[in-house]
Amino acid sequence: MLRMNKLAKTYFTDTVKTQALRPFDLEVKQGEFIAVVGPSGSGKTTFLNITGLLEDASGGEYWLDGVDVCTLSDKQKSRLRNEKIGFIFQSFNLIPELNIFDNVEMPLRYRRLSHAERKKRVEYALAQVGLHSRQTHYPSQLSGGQQQRVAIARALAGSPAFLLADEPTGNLDSKMADGVMSLLKEINAAGTTIIMVTHDLEQATQASRIVEVKDGVISEVDRHAQAIA
Ligand code: ADP
Ligand code: ADP
């Protein structure tokens, strides 16, 4: 599904050159749940932004479902992003002025879907996260955990090939965090690939693979070796 070959990212600002990601190879298969861990400033966000087609790599190849992303125009990239990728952020990023239904429907408005089809998808996605009865509520009327579930419904409504989650439980207390984590595991078990940045090592161990980013170096954590050590 995703294949990265010698992918790398260097930022140039005035006189400073930062090698945010050193060349790395990574393959992600359909149905995997990948946790991305590492200290602050190590390159996790850069990795997520490149994977999510929000930023271009500065070298290497990135294949997404057989498409060489680096050869696409910006317009083709945003179309691919809309079709294939669901985003979940630490800060939920819901629109306060819109009710829950409209928030979840938002990304579908960029697609050529009938009103009836959009409604069906929104309702299905809200049912998946257990918030079907809250359609006419506004984000401020929900708890943090519920708001994040709305954000997950918004990501799912587009039937993405994979979900990118940037510390999805970072703003939640531990009980709500557990709820969101269980939901993500359910969604993954139903077939959606997930790539999730997390600071929570206990959470990371619940993923099927752990990738560590350290000073721009991406490496796979060998969980078997870790268990023995
Ligand atoms: P993390 O998400 O692990 O905290 P980032 O990916 O945000 O790390 O940052 C990795 C490195 O790249 C840091 O040294 C950061 O300062 C640098 N960096 C990130 N974004 C930019 C940018 N837009 N311009 C210049 N340097 C950047
Ligand atoms: P942080 O974790 O640092 O608070 P976010 O997770 O909110 O930041 O955002 C991570 C990246 O995704 C940023 O580069 C931001 O510009 C981008 N971004 C944030 N919200 C959206 C959105 N709704 N759609 C597309 N890109 C977004």
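Which backbone N or O atom lies 3.0 Å from an oxygen atom of ligand 1? The atom belongs to Gly 43. The model is predicted, and every distance and angle below is computed from it.

The overall fold comes before the sites. The protein holds eight helices and ten strands. Its C-alpha trace spans about 50 × 45 × 35 Å along the principal axes.

The shell of ligand 1 is described next. Ligand 1 is surrounded by Tyr 11, Thr 13, Thr 18, Ala 20, Pro 39, Ser 40, Gly 41, Ser 42, Gly 43, Lys 44, Thr 45 and Thr 46. By class, the shell divides into three nonpolar residues, eight polar residues and one charged residue. Strand E1 (2–13), E2 and H1 each supply at least two shell residues. H1 gives the largest share, with three residues.

Backbone atoms take part in polar contacts with ligand 1. A backbone N or O atom of Ser 42 lies 3.1 Å from a ligand oxygen. For Gly 43, the corresponding distance from a backbone N or O atom to an oxygen of ligand 1 is 3.0 Å. A polar backbone atom of Lys 44 is 2.9 Å from an oxygen atom of ligand 1. Taken alone, ligand 1 exposes 560 Å², and the protein buries 61% of that area.

Ligand 2 has its own set of neighbours. Asn 49, Leu 54, Phe 89, Gln 90, Ser 91, Asn 93 and Asp 166 are the residues around it. Two of these shell residues are nonpolar, four are polar and one is charged.

Side chains take part in polar contacts with ligand 2. Asn 49 places a polar side-chain atom 3.5 Å from an oxygen atom of ligand 2. In Asp 166, a polar side-chain atom lies 3.3 Å from a ligand oxygen. A nitrogen atom of ligand 2 is 2.9 Å from an N or O atom in the side chain of Asn 93. Taken alone, ligand 2 exposes 560 Å², of which the protein buries 47%.

Asn 93 also stands out by its backbone. Most residues other than glycine have a negative phi. Asn 93 is not a glycine, yet its phi is positive, at about 55 degrees. The residue lies in the loop between strand E6 (85–88) and helix H3 (100–105). Asn 93 counts as partly exposed because its relative accessibility is 38%, between the limits of 20% and 50%.

Asp 65 is another non-glycine residue with a positive phi, here near 45 degrees. Its place is in the loop between strand E4 (59–64) and strand E5 (67–68). With a relative accessible area of 35%, Asp 65 is partly exposed.

Aromatic contacts complete the picture. A pair of aromatic rings is described by the distance of the centres and the angle of the planes. The structure holds two aromatic pairs. Phe 24 and Phe 47 form one of them, with 5.9 Å from centre to centre and 65 degrees between the planes. This geometry is edge-to-face. The pair links distant parts of the chain, with its members 23 residues apart. Phe 24 sits in strand E2 (residues 16–28), and Phe 47 in helix H1 (residues 44–51). Phe 24 has a relative accessible area of 4%, so it is buried. Phe 47 is buried too, at 2% relative accessibility.

Phe 87 and Phe 89 make up a stacked pair. Their ring centres are 5.9 Å apart, and the planes meet at 5 degrees. This angle is under 30 degrees, so the pair counts as stacked. Phe 87 counts as buried, at 18% relative accessibility, because the limit is 20%. Phe 89 is partly exposed, with a relative accessible area of 28%. Phe 89 is also among the residues around ligand 2.

Definitions and conventions:
Residues numbered from 1 in each chain as written. Chains lettered and ligands numbered in written order. Predicted model: local features only at pLDDT ≥ 70, side-chain atom pairs only at ≥ 80, totals over all residues. Heavy atoms only, no water. Near = heavy atom within 4 Å. Polar contact = N/O pair within 3.5 Å; in protein donor to acceptor, adjacent residues only side chain to side chain. Areas by Shrake-Rupley, 256 points an atom, 1.4 Å probe, with all protein chains shown as cover. Nonpolar A, V, L, I, M, F, W, Y, C, P; charged D, E, K, R; others polar. Helix = DSSP H or I, 4+ residues; strand = E, 2+ residues; numbered from the N terminus. Buried < 20%, exposed > 50% of the residue type's maximum accessible area, 1.4 Å probe, protein only. Phe/Tyr/Trp six-rings, centres within 6.5 Å; stacked < 30°, edge-to-face > 60°.
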